[in-house]
Amino acid sequence: MKKDELFGEIVYEDLWIGTIEITMFGKNQKIFLNIYGEENEEITQNQRDAFSQFKSSMPNIVKESEDKILEYYLENCDDYRAMQSN
């Protein structure tokens, strides 16, 4: 296990594995990170840049995901309810 200043605690198991916490639908959730690379090599700058951009975009990504899930639910809930009553 090692502590990375960007990724936090990560462990190597054929790739680097860590977690990140997000808030979705008002609940904190831990999601897994898979960072491809070798145990004896540094995580590349491209991976670091991509993850930094992902983290800074996370509030927008979560909001858009929540909106799309709600939209899907509203478009399909009557069909699912009809299937349950049969």
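## Close-up views of a predicted model

**View 1. Strand E2 meets strand E3.** Strand E2 (residues 8-12) runs antiparallel to strand E3 (residues 16-24), and two bridges join the pair. The model is predicted: local features need pLDDT of at least 70, side-chain atom pairs count only at pLDDT 80 or more, and totals for chains, interfaces and linings use all residues. Residues are numbered from 1 along each chain as its sequence is written, and side-chain values use heavy atoms, leaving out hydrogens and water. Two strands pair if DSSP finds at least two bridges between them. Strands (E, at least two residues) and helices (H or I, at least four) are DSSP runs, numbered from the N terminus. Val11 stands opposite Ile17 in E3. Three residues lie between the strands of this hairpin, where Asp14 takes a positive phi near 70 degrees.

**View 2. Strand E3 meets strand E4.** E3 and E4 are antiparallel, with nine bridges. Trp16 has Ile35 in E4 as its bridge partner. Two residues separate the strands of this hairpin, and Phe25 in the turn has a positive phi of about 55 degrees.

**View 3. A salt bridge between Arg48 and Asp4.** A salt bridge here is a side-chain nitrogen of Lys or Arg within 4 Å of a carboxyl oxygen of Asp or Glu. Three are counted by this rule. The side chains of Arg48 and Asp4 form one, at 2.5 Å from N to O. Arg48 lies in helix H1 and Asp4 in strand E1 (residues 2-4), so the pair ties together parts that are 44 residues apart in sequence. Both residues are buried (under 20% relative accessible area; exposed is over 50%, partly exposed in between; 1.4 Å probe, protein chains only).

View 4. Asp67 and Lys63 form a salt bridge, with the closest N and O atoms 3.0 Å apart. They are four residues apart in H1, about one helical turn. Asp67 is partly exposed at 38% relative accessibility, and Lys63 is partly exposed at 46%. Glu71 and Lys68 form a salt bridge at 3.9 Å, N to O. This pair is three residues apart in H1, about one turn of the helix.

**View 5. A negative surface patch.** Glu13, Asp14, Glu38, Glu39 and Glu41 form this patch. Patch residues have over 30% relative accessible area and no salt bridge; like charges are joined within 9 Å, and nonpolar side chains (Val, Leu, Ile, Met, Phe, Trp, Tyr) within 5 Å. Asp and Glu count as negative, Lys and Arg as positive; His and the chain ends are not counted. Glu41 sits in the loop between strand E4 (27-35) and helix H1 (45-85). Glu41 is partly exposed, with a relative accessible area of 47%.

How values were computed. Areas by Shrake-Rupley, 256 points an atom, 1.4 Å probe, with all protein chains shown as cover. Charge placed at Lys NZ, Arg CZ, Asp CG, Glu CD.
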